[in-house]
Amino acid sequence: MMSAPPVDGKEFPPLKNDLILRAARGEKTERVPVWLMRQAGRYLPEFREMRAEHQFFTVCQTPALACEVTLQPIRRFELDAAIIFSDILVIPQALGLTVEMIPGKGPSFPEPLVSPDDLSRLNTSVDVGQALGYVFEAITLTRKELQGKVPLIGFSGAPWTLMAYCIEGGGSNTYSKAKKWLYTQPAASHTLLQTLTRTIVDYLVGQVEAGAQLLQVFDSHAGSLGYDMFCKFCLPYLQQIAREVKEKLRAKSVEPVPMIVFAKGANYAVAELAQSGYDVMSLDWDIQPQVARSLAGQDVTLQGNLDPCALYSSKEEIREYVAQMLTRFGTQRYIANLGHGIYPDFNPEHVGTFIDAVHQHSERMNKAS
């Protein structure tokens, strides 16, 4: 077992499975680690039972409930990481915006940002320890309750993705309202993005101090932008987050943890993302693994990228898809995952088949080589 040094004065159980940490750092692994975006959620009957009793954000804001939901998939499957149950929209909430989770619709902002004048409504000097302390408490509790079985991942939404939600007022097919800001109000857009970035940095630093062992930044709406706008309004802030999180942790004498960037749909910028300061780059299913590796180089770990809908297939077909994916990515400097999150109507048994297939096939590949 690996020793578990104190984090911000907290003592945690020794870590028994550091596979994903080694893969993120580019160290040799005996099998490919695997976890799944949205692995704790609506496809699990035990989660649906809890949601029948509690509102979505009540679960997020109650450390004991968030811990329980985080642990649910760990009890079911041989996953190599847990990810704290929360939501990327806790950042806009901390900044003073109201966010509701509407059944059958998803997130909704009753009063979205309409014009640059609305930026005055935001709390630009938010104390994340006070506003988001419930997330930190959930992380510390979950890290202890995991008993060292697997590492715990913390996360945040990326600035552009959060900006898009704040302006659109929810999901969108085009994100044209938010993109209009980029084209017509670039100064105000940068002001908003910088406000979000500063809050995200403090939030991620706080998560590591609370016990998170990896961090992922979700830029879920990156694909709504073209290359030039991505390089102007996304990439600089992603780079700032990676740089400042590590700097602030070192200044606190806390060892930085591996960081993952997931810019869905931004396959036009794989080379740039590979040089953005993150240890791991997660990929969606719209890029061939060989192409991604060629563009990314050998100094970054890749994560992904099975089409989530592949899990609707038969178990035998899922095993075949996994074998194909592993053959293309290889077994080193690689973390298996889907190209996006789990869908609510997935069969949990098929999720288990995917996880087991990754372990079994990658072990066979390593032995053969």
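Student: Before we start, what should I know about the numbering and the model?
Tutor: Residues are numbered from 1 along each chain as its sequence is written, and side-chain values use heavy atoms, with hydrogens and water left out. The model is predicted, so local features need pLDDT of at least 70 and side-chain atom pairs count only at pLDDT 80 or more, while totals for chains, interfaces and linings use all residues.

Student: Thanks! How many aromatic pairs turn up?
Tutor: Searching the whole structure gives 11 aromatic pairs. Rings of Phe, Tyr and Trp (its six-membered ring) pair if their centres lie within 6.5 Å; planes under 30 degrees apart are stacked, over 60 edge-to-face, and the rest tilted.

Student: What kind of pair do Phe230 and Tyr268 make?
Tutor: Their ring centres are 5.6 Å apart with the planes at 75°, so this pair is edge-to-face. Phe230 sits in helix 11 (residues 227-233) and Tyr268 in the loop between strand 6 (259-263) and helix 13 (270-274), so the pair ties together parts 38 residues apart in sequence. Helices (H or I, at least four residues) and strands (E, at least two) are DSSP runs, numbered from the N terminus.

Student: And is Phe230 buried or exposed?
Tutor: Phe230 is buried, at 0% relative accessibility, whereas Tyr268 is partly exposed at 31%. Buried means under 20% relative accessible area, exposed over 50%, and partly exposed in between (1.4 Å probe, protein chains only).

Student: Which rings form a cluster?
Tutor: Phe47, Phe56, Phe57 and Phe85 are linked into one by ring pairs.

Student: Switching to helices: at what angle do helix 4 and helix 7 cross?
Tutor: The axes of helix 4 (residues 63-76) and helix 7 (residues 133-145) cross at roughly 50° and come within 8 Å. Axes are lines fitted to C-alpha atoms, for helices over the stretch in contact, and angles run from 0 to 180 degrees between N-to-C directions. That makes helix 4 oblique to helix 7; angles under 35 degrees are roughly parallel, over 145 roughly antiparallel, 65 to 115 roughly perpendicular, and the rest oblique.

Student: Which residues meet there?
Tutor: Among them are Pro63, Ala64 and Cys67 in helix 4, and Tyr134, Leu141 and Glu145 in helix 7, where contact means heavy atoms within 4.5 Å.

Student: What about helix 8 and helix 10, how do they cross?
Tutor: The axes of helix 8 (residues 159-168) and helix 10 (residues 186-210) come within 9 Å and cross at roughly 120°. These two helices are therefore oblique to each other.
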